[in-house]
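Please read it alongside the display below.

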Amino acid sequence: MLIFLPVLLILHIPVFSEQLPIINIAFVLDNQLWMKEETKEYQLTRDKEVVNLKWSYDGGFIAYLHIGEKGDASQLWIYDTNKKVNYKPYDWIETKNYKWSPTNQPLAYTSNGVLNITQKQDGIPKGFENVVLGVSDFEWFPNGKEFIVSSTANLLPTGWGPIPLFKLPFDTNLDSKKVEHFYTIESDKDMFAIDFCYFKWSNDGN
């Protein structure tokens with residue numbers, strides 16, 4: 001309240017005539033997915049243990065994980081904010097790493113080292129296409145048309161090898177000819193690593 005109250009007071013000053021945009025907030029309460037639209041709250045799931053919410057670029061969808069009873073299986077689900085329904089983009093997807101395109105609706109995710117991307121069926125992200133194999137982590141390029149991906153280093157008799165990074169279009173479709181070497185992170189006694197993750201772009205996207 002100490003943070004939001006002064007802002008609300010300013011926004012309600014009568015001199016402002018433009019209509020303020022409606023802000024929807026998604027959150028997890030008692031392990032379930034909820035949404036707040038203006039002053040009303042709606043419970044969107046009732047039988048799932050929900051974690052890791054991610055809005056699509058256009059705000060039309062929320063991707064989230066449904067954790068299994070044993071806490072091991074992480075099924076990917078999507079909530080459609082227009083149709084007000086929860087659905088699986090594929091019958092069974094087990095993942096912990098998924099990211100929306102920064103410019104459109106495709107959702108990319110990794111599962112067992114395979115980078116996949118959702119197709120579009122009846123106007124919603126559903127189904128999938130394989131993009132490339134051997135991926136440990138990835139990130140969209142700001143243009144929404146390409147990925148940067150990393151691959152786990154190989155264990156050699158001399159120790160762990162380098163970590164390669166690659167650049168590839170979102171429609172690679174397992175075509176290795178479309179994969180371009182981007183950078184190599186060398187591993188030695190002064191800098192030891194077997195993987196690379198948590199890619200972050202600068203504000204200007206360069």
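The points that follow are grouped by topic, from the whole chain down to single residues.

The model is predicted, so local features are given only at pLDDT of at least 70 and side-chain atom pairs only at pLDDT 80 or more, whereas totals for chains, interfaces and linings use all residues. Residues are numbered from 1 along each chain as its sequence is written, and side-chain values use heavy atoms, with hydrogens and water left out.

**Overall architecture**

- Of its 206 residues, 37% count as buried; buried means under 20% relative accessible area, exposed over 50%, and partly exposed in between, with a 1.4 Å probe and protein chains only.
- The chain exposes about 13,400 Å², of which carbon and sulfur atoms supply 55%; the areas come from the Shrake-Rupley method with a 1.4 Å probe, and for residues only the protein chains shown count as cover.
- Among contacts (heavy atoms within 4.5 Å) between residues at least 6 apart in sequence, 37% join residues at least 24 apart.

**Nonpolar cores**

- A nonpolar core is a set of buried Ala, Val, Leu, Ile, Met, Phe, Trp, Tyr and Cys residues joined through side-chain atoms within 4.5 Å.
- The largest such core has 13 residues, and those with the most contacts inside it are Phe 61, Ala 63, Leu 76, Ile 78, Tyr 98, Trp 100 and Leu 107.
- At least two residues of this core come from each of strands S5 (61-67), S6 (74-80), S8 (97-100) and S9 (107-111), and S5 gives the most, with four residues.
- A separate core of eleven residues lies apart from it and includes Ile 117, Val 131, Val 135 and Phe 138.
- Beyond its neighbours within four places in sequence, Tyr 98 is in contact with residues including Val 51, Ala 63, Leu 76, Leu 107 and Phe 138.

**Aromatic pairs**

- Rings of Phe, Tyr and Trp (its six-membered ring) pair if their centres lie within 6.5 Å; planes under 30 degrees apart count as stacked, over 60 as edge-to-face and the rest as tilted.
- By this rule the count comes to seven aromatic pairs.
- Tyr 90 and Phe 128 form an edge-to-face pair, at 4.6 Å centre to centre and with 80° between the planes.
- Because Tyr 90 lies in the loop between strand S7 (85-87) and S8, and Phe 128 in strand S11 (residues 124-132), this pair ties together parts that are 38 residues apart in sequence.
- Phe 141 lies in the loop between strand S12 (137-140) and strand S13 (146-150) and Phe 182 in strand S17 (residues 180-185), so the pair ties together parts that are 41 residues apart in sequence.
- Phe 141 is buried at 10% relative accessible area, whereas Phe 182 is partly exposed at 40%.
- One aromatic cluster is formed by Phe 138, Trp 140 and Phe 147.

**Lysines over rings**

- A charge sits over a ring if NZ of Lys or CZ of Arg is within 6 Å of the ring centre and within 35 degrees of the ring normal.
- The charged end of Lys 48 sits over the ring of Trp 77, 3.9 Å from its centre, and Lys 99 lies over the face of Phe 138, at 4.7 Å from the ring centre.
- Lys 48 is found in the loop between strand S3 (40-43) and strand S4 (50-55) and is buried, with a relative accessible area of 11%.
- Setting aside residues up to four places away in sequence, Lys 48 touches Asn 31, Gln 32, Tyr 64, His 66 and Trp 77.

- Gly 127 lies in strand S11 and is buried at 9% relative accessible area.
- Residues touched by Gly 127, not counting those up to four places away in sequence, include Pro 89, Tyr 90 and Ile 117.
- Asp 30 lies in the loop between strand S1 (24-29) and strand S2 (32-37); Asp 30 has a positive phi of about 55° although it is not a glycine, and is exposed at 67% relative accessible area.
- Asn 31 lies in the loop between S1 and S2, has a positive phi near 70° and is partly exposed at 41%.
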